[in-house]
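Reader: Please take a close look at one part of this model, the salt bridges and their surroundings. Give me the cut-offs as you go.

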Amino acid sequence: MARVIKYRMTPVSFFGHLFSSDTVFGSLAWAVRDRHGEGRLEELLGAFNETPPFLVSSAMPDGFLPRPLAPSRMRTPSDGLSRKDLADSIARAKRYKKLRYLPVGLLARYIASYDDERVFGEGDLSWTPAAEPAEFVQARTAIDRTRLSALQGALFAESYLSLHEGAALSVYVRVQDGSLADGWLDEIFDLAALSGLGKGRSTGRGVFTVERAVLTDDESKVMEHRSDVFMSASLCAGAGLEPVRYATTTKYAKIGGKYSQAGIVSELKRLAVPASVDSIPSSAMQEDHVSMGWAGARKLRRALDGLT
């Protein structure tokens with residue numbers, strides 16, 4: 001039986017980006033090696049070849065979760081709306097589709113029968129600024145590595161993120177019961193966060209303080225739900241997801257099986273076109289012998305991957 005633990009990360013410095021799950025996991029792995037040695041890290045990584053002891057989510061603004069990817073229908077004149085209402089509805093839908101995160105409470109309310117149109121039809125979306133960290137650009141002077149001095153006139157820009165006052169990031173961890181000693185993960189998370197995550201950690205960026213937080217009722221409801229509209233909080237979840245039919249990773253989420261299968265079939269149809277139809281005349285239109293064997297073999301390999 002697995003349980004979900006939430007870690008709330010409060011920034012002590014600027015950070016480079018919203019950390020994906022593989023970045024978080026990599027930082028935890030370094031922390032294990034630094035605290036317990038190379039042998040313990042190899043033992044931990046070996047356990048992931050069987051039943052993973054834990055699964056880490058990406059970092060996200062506290063109080064928000066990734067927007068699920070679900071089919072949606074744009075309003076049309078046939079819906080009987082006035083021109084103004086139709087234009088407002090289309091503009092609102094486009095604005096909603098640009099969102100990466102939704103409030104946990106909003107997701108919990110509609111998770112049993114999720115539909116994009118129902119969700120973006122609620123409220124005025126006034127919460128959207130809090131869902132994204134603020135970005136700023138910092139000018140830096142390039143360094144001459146041979147002389148260890150600044151290069152005159154050689155400037156470059158680096159972008160970093162900051163959170164609104166009082167805001168934090170959340171990381172969720174699904175832990176298999178009995179796989180880890182109590183408090184072990186707390187210690188490793190604390191060490192990784194104080195060491196810095198992501199871009200600029202060597203210069204003091206990406207430093208956080210971490211505390212374990214209690215899941216709210218809404219968070220628990222979303223974490224326990226299973227349906228054809230699925231949201232992946234982890235980019236490195238692998239094949240251990242439940243239900244297992246969710247296999248196609250996208251920028252925002254995991255797509256349900258029927259959409260994945262339709263995309264694969266469409267790709268196979270394109271790969272079935274003979275490579276020879278792309279022959280190109282050469283030698284001043286005297287010849288059109290162009291070897292298509294290599295291109296055909298590559299298409300066959302891709303098609304076989306799609307079938308398996």
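Author: Accessible areas here come from the Shrake-Rupley method with a 1.4 Å probe, and for residues only the protein chains shown count as cover. On that basis the protein exposes about 18300 Å². Carbon and sulfur atoms supply 54% of it.

This is a predicted model: local features need pLDDT of at least 70, side-chain atom pairs count only at pLDDT 80 or more, and totals for chains, interfaces and linings use all residues. Residues are numbered from 1 along each chain as its sequence is written, and side-chain values use heavy atoms, with hydrogens and water left out.

First, the setting. The protein has nine helices and eleven strands. These are DSSP runs numbered from the N terminus: helices are H or I with at least four residues, strands are E with at least two. Of the 308 residues, 34% are buried. Buried means under 20% relative accessible area, exposed over 50%, and partly exposed in between (1.4 Å probe, protein chains only).

Now the salt bridges. The rule asks for a side-chain nitrogen of Lys or Arg within 4 Å of a carboxyl oxygen of Asp or Glu. The count comes to six.

Asp62 takes part in a salt bridge with Lys6, with the closest N and O atoms 2.9 Å apart. Asp62 lies in the loop between β3 and β4 and Lys6 in strand β1 (residues 2-11), so the pair ties together parts that are 56 residues apart in sequence. Lys6 is buried, at 6% relative accessible area. Asp62 is partly exposed, at 23%.

Asp62 also forms a salt bridge with Arg8, at 2.8 Å from N to O. Arg8 lies in strand β1, so this pair ties the β3-β4 loop to a part 54 residues away in sequence. Arg8 is partly exposed, at 22%. A network of salt bridges links Lys6, Arg8, Asp62 and Glu219.

Gly63 is also found in the loop between β3 (60-61) and β4 (64-66). Gly63 is partly exposed, with a relative accessible area of 31%. Leaving out residues up to four places away in sequence, Gly63 touches Leu102, Pro103 and Val104. Contact means heavy atoms within 4.5 Å. The C-alpha atoms of Gly63 and Leu102 are 8.5 Å apart, across 39 residues of chain.

Another salt bridge joins Asp34 and Arg33, with the closest N and O atoms 3.6 Å apart. Asp34 is exposed, at 54% relative accessible area. Arg33 is partly exposed, at 32%.
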